[in-house]
Each structure stands twice: as structure tokens, then as C-alpha cells.
Amino acid sequence: MMHSGGVEADCEVRLAMENGVEVYVELSRTRELATDLIIEAERGRMVVSYKPNQLTLEIAGQRLDTFSMATKDATGRDLSIWHFMIVQQLENWVQSLQGKASALVPGEQGRKVVDFIERCYRNRRPLVLPWLNPALEKSA
């Protein structure tokens with residue numbers, strides 16, 4: 001029996017937003033993918049790279065700017081841009097619970113995310129995973 005990596009090991013999501021924007025997300029724990037978040041638009045794109053820990057803005061293939069994130073924790077260890085973003089979110093959440101700050105993302109938005117994930121589960125279909133079975137890759 002072929003091992004498929006377990007629950008939530010691989011997924012692809014294709015969406016068509018109400019405004020016509022198309023979205024494609026691919027995540028995997030059974031193979032190595034690029035560690036970038038890429039937002040592509042008609043006239044440009046934004047790339048958030050885990051390595052080398054930077055944000056790059058491009059328009060029509062021309063790099064406009066690159067922002068590096070050199071953040072350290074209390075021990076002096078370098079933190080990634082992803083870690084920094086998550087820490088910022090959690091700190092804001094705690095501060096909003098304590099009444100010290102307004103929530104950057106209202107609870108209703110979180111509910112929408114959970115609803116979306118549940119819709120994905122309801123509509124899921126098995127993926128073909130040729131990287132786990134080389135024979136499938138040759139026949140494709």
C-alpha cells in the first residue's frame with residue numbers, strides 16, 4: 001500500500017473570487033516545494049521568501065524593491081520573516097484580549113477562514129501523487 005503522507009500532507013486549492021481573481025494554493029509535506037508566497041497580478045507581483053528572508057516587489061518583470069527582514073529573538077537568534085509575522089499576530093491578539101489594542105483582524109474574519117476550510121474539506125477529492133509512486137510519473 002502506498003503511503004500518502006497522512007492527513008493534510010498535500011493539497012491544491014483553485015479558487016475564482018467574485019471579482020474574477022483566480023487563486024491557486026499548493027502545499028505539501030511529502031515533497032519539497034519553493035518556500036515563497038507569490039501574489040501575481042496583471043501588472044506585477046509580490047514575492048515573500050522564507051529564504052533568504054525577504055519581500056520582493058516586481059512590476060512587469062522589473063524588481064522595484066526588496067526588503068530584508070533581520071529580526072532576532074531574545075537570545076539573539078535570527079528569526080524568519082514568517083516567524084516575525086506570526087509573532088506580530090499573536091502579540092496583537094493577546095493585547096486585544098487585554099484591551100490594550102484593537103484587533104488587527106476582527107473575529108468575524110477568522111470565522112470566514114474556518115468556514116472556507118470546512119468548505120474545502122467538504123469538497124475534497126484525492127490528489128494524484130506521482131512523486132510518491134515513480135511508475136505513475138512515467139505514465140503521465
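Glu22 is found in strand E2, where strands are DSSP runs of E with at least two residues, helices are DSSP runs of H or I with at least four, and both are numbered from the N terminus. Glu22 is exposed, its relative accessible area being 70%; here exposed stands for over 50% relative accessible area, buried for under 20%, and partly exposed for values in between (1.4 Å probe, protein chains only). Glu22 and Glu40 are 18 residues apart in sequence, and their C-alpha atoms are 9.9 Å apart in space.

The structure is a predicted model, in which local features need pLDDT of at least 70 and side-chain atom pairs count only at pLDDT 80 or more, whereas totals for chains, interfaces and linings use all residues. Residues are numbered from 1 along each chain as its sequence is written, and side-chain values use heavy atoms, with hydrogens and water left out.

The protein chain holds 3 helices and 8 strands. Read from the N terminus, the order of its elements is β-β-β-β-β-β-β-β-α-α-α. Of the 140 residues in the protein chain, 14% are buried. The chain exposes about 11800 Å², with 56% of it supplied by carbon and sulfur atoms; accessible areas come from the Shrake-Rupley method with a 1.4 Å probe, and for residues only the protein chains shown count as cover. Among contacts (heavy atoms within 4.5 Å) between residues at least 6 apart in sequence, 25% join residues at least 24 apart.

The side chain of Ser28 makes a polar contact with that of Asp10 at 2.5 Å. A polar contact is a pair of N or O atoms within 3.5 Å; within protein, one must be able to donate a hydrogen and the other to accept it, and residues adjacent in sequence count only if both atoms are side-chain atoms. Leaving out residues up to four places away in sequence, Ser28 touches Ala9, Asp10 and Leu33.

Together with Ile86, Leu90, Val94 and Leu97, Trp93 forms a nonpolar patch on the surface, with about 530 Å² of accessible area in total. Patches consist of residues with over 30% relative accessible area and no salt bridge, like charges being joined within 9 Å and nonpolar side chains (Val, Leu, Ile, Met, Phe, Trp, Tyr) within 5 Å. Asn92 also lies in helix H1, but counts as buried at 12% relative accessibility. A polar atom of the Asn92 side chain lies 3.1 Å from the backbone oxygen of Ser102. Apart from neighbours within four places in sequence, Asn92 is in contact with Ala101, Ser102, Ala103 and Leu104.

Charged pairs come next. A search of the whole structure finds 2 salt bridges, each defined as a side-chain nitrogen of Lys or Arg within 4 Å of a carboxyl oxygen of Asp or Glu. Side chains of opposite charge can pair when their charged atoms come close.

The cysteines complete the survey. The whole structure contains 0 disulfides, a disulfide being a pair of cysteine sulfur atoms within 2.5 Å. For Cys11, the closest cysteine sulfur is that of Cys120, and the 7.8 Å between the two sulfur atoms is too far for a bond. Seen from Cys120, the closest cysteine sulfur is likewise that of Cys11. Cys11 is partly exposed, at 28% relative accessible area, and Cys120 is partly exposed too, at 26%.
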